[in-house]
Amino acid sequence: MSEKADVHGAIFAGEKQFHLKVTKEQVGGYVIMPGDPGRVPQIARHLDSPFEIAYNREFCTYGGYLEGELVNVVSSGIGGPSAAIAVEELILCGAHTFIRVGTSGGMVEKVVGGDLVIATAAVRSEGASAEYLPEGYPAAADFRVTSALEKSARALSGQAEGSRFHVGVVHSKDSFYGETHPQTMPVARALLDKWQAYLDCGCLASEMECAALFSVTQVRKARAGAVLTALWNVERSKSGLPNPVCRDNERAIRCAVAAIRELIASDKAEI
C-alpha cells in the first residue's frame, strides 16, 4: 500500500454516507435539523411531497420541497458529537444551509416557557467544537440565516409571555445533568460559577447542539442558524416567578420553515 493511500478507504467507500446512509442525490442545499428523530416526520409535513429517505442510529432523514427546491429534515441526535457527524456528512452531499430546531432551558429570567430563542452564537461549554475551532474563537451563527429566522419569528410571535421571541447568545453543554444537578458533581463549584457568569452576561438559554453546528459550518464554509423553544426556566423558579412548562415545538418549526423559504427566495434572486 502506498504511504499516501487512504487508510480509511474501506470504511468510507460506497455512495452512501457512513452514518446517515444517504447519497448526494438525496440531499438538497437546505436542511432543517431537530435533535429528536421523532420530530422529523412532524417537520416534514410542512414540506411539499415529503418522503422518508433513511433511518440509521439516531439519524432519521426525510426529504420534501419548498419553492421547488429539495429540502431535507435530518435528526442530529443528542449532543455535539452526533450533530457534527450529521452536518459533516450532509455537507459532503452538497448541503450548505442548516437551521437547528430544538428545545432549550431558559436562563435569563425574561425567557419564559413557550418563548422562542434565536441563537446568534453559542458558548462553547462542550467538547466537539474544540476539534474545529481554536480556543477563544466564537461559535457564531450565520447573519443571513439569523436574520431570516428573526423575520419569521417576528411574524409568528406576540407580546405575552410564552409567545415572544428573543435573539442572542445561548449556552451549549455536553452534560444535561451537569446543568440541571450541578450541586451533585465533584466539580460543582466550577459549574455553578460558570453558570452565574453566563447569566450575568445575559445568556438566553441552554441546549446541547448549537456550538457544534456553528463550529462545523464555519469551518466547512456553510451557514447555520438555530431557533429553540424554551421549555421552562429554572432561574424563574429560583426567583419565585411563574414558570410555565411548554412542550409544543410547532411555532419553532413554522419559524424554521418560513426562514428556509426566505433564504431560498433570496438565494435565487442573487443568481
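Mentor: Please keep in mind that the model is predicted. We may start with Arg 236, which touches Glu 109, Val 111, Val 112, Glu 161, Leu 241, Pro 242 and Asn 243 when residues up to four places away in sequence are not counted. Arg 236 lies in helix 8.

Trainee: Why is Arg 236 called buried?

Mentor: Buried means under 20% relative accessible area. Arg 236 has a relative accessibility of 5%, and therefore counts as buried.

Trainee: Why does Arg 247 count as exposed?

Mentor: Exposed requires a relative accessible area over 50%. Arg 247 stands at 75%, so the label exposed applies. Arg 247 is placed in the loop between helix 8 and helix 9 (250-270). Its C-alpha atom is separated by 6.1 Å from that of Leu 231, 16 residues apart along the chain.

Trainee: Where does Tyr 62 lie, and which residues is Tyr 62 in contact with?

Mentor: Tyr 62 belongs to strand 3 (residues 59-66). Leaving aside neighbours within four places in sequence, its contacts are Val 40, Pro 41, Ala 44, Phe 51, Glu 52, Ile 53, Val 71, Asn 72 and Val 73. Between the C-alpha atoms of Tyr 62 and Ser 75, 13 residues apart in sequence, the distance is 9.2 Å.

Trainee: Which residues touch the most other members of the largest nonpolar core?

Mentor: They are Met 33, Leu 90, Phe 98, Cys 210 and Phe 214, within a core of 38 residues. At least two residues of this core are supplied by each of strand 1 (30-33), strand 2 (48-56), helix 3 (80-92), strand 6 (116-125), helix 7 (210-219) and strand 10 (223-233). Another core, of 30 residues, lies apart from it and has among its members Cys 60, Tyr 62, Leu 149 and Cys 255.

Trainee: What is Cys 210 in contact with, beyond its neighbours within four places in sequence?

Mentor: Cys 210 is in contact with Arg 100, Ala 119, Ala 122, Val 170, Ser 172, Ala 226 and Leu 228.

Trainee: How many aromatic pairs are counted?

Mentor: The count comes to two aromatic pairs.

Trainee: Why is the pair of Phe 51 and Tyr 65 called tilted?

Mentor: For Phe 51 and Tyr 65 the centres are 6.4 Å apart and the planes stand at 35°, so the pair is tilted. The pair links distant parts of the chain, with Phe 51 in strand 2 and Tyr 65 in strand 3, 14 residues apart. Phe 51 has a relative accessible area of 34% and is therefore partly exposed. Tyr 65, with a relative accessible area of 34%, is partly exposed.

Trainee: What makes the pair of Phe 176 and Tyr 177 edge-to-face?

Mentor: Edge-to-face calls for planes over 60 degrees apart. The planes of Phe 176 and Tyr 177 are at 85° and the ring centres 5.0 Å apart, so this pair is edge-to-face.

Trainee: What is the volume of the largest pocket, and which residues are the closest to its centre?

Mentor: The volume of the largest pocket is about 480 Å³. Among its 23 lining residues, the closest to the centre are His 171, Gly 178, Glu 179, Leu 191 and Trp 195. Helix 6 gives the largest share of this lining, six residues. By class, the lining of the largest pocket has 10 nonpolar, six polar and seven charged residues.

Trainee: And what is found in the second largest pocket?

Mentor: The second largest pocket holds about 390 Å³ of space. Of the 20 residues lining it, Ile 78, Thr 103, Phe 176, Met 208 and Glu 209 are the closest to its centre. Strand 5 contributes the largest share of that lining, five residues.

Methods. Residues are numbered from 1 along each chain as its sequence is written. This is a predicted model: local features need pLDDT of at least 70, side-chain atom pairs count only at pLDDT 80 or more; totals for chains, interfaces and linings use all residues. Side-chain values use heavy atoms; hydrogens and water are left out. A nonpolar core is a set of buried Ala, Val, Leu, Ile, Met, Phe, Trp, Tyr and Cys residues joined through side-chain atoms within 4.5 Å. Buried means under 20% relative accessible area, exposed over 50%, partly exposed in between (1.4 Å probe, protein chains only). Helices (H or I, at least four residues) and strands (E, at least two) are DSSP runs, numbered from the N terminus. Contact means heavy atoms within 4.5 Å. On a 1 Å grid over the protein atoms alone, a cavity is a set of points where a 1.4 Å probe fits but cannot get out, and a pocket is an open set with protein on both sides within 12 Å along at least five of seven lines; lining residues have an atom within 4 Å of a point. Grid points are joined across faces, edges and corners, and a volume is the space filled by probe spheres set on the points. Ala, Val, Leu, Ile, Met, Phe, Trp, Tyr, Cys and Pro count as nonpolar, Asp, Glu, Lys and Arg as charged, and the others, Gly among them, as polar. Rings of Phe, Tyr and Trp (its six-membered ring) pair if their centres lie within 6.5 Å; planes under 30 degrees apart count as stacked, over 60 as edge-to-face and the rest as tilted.
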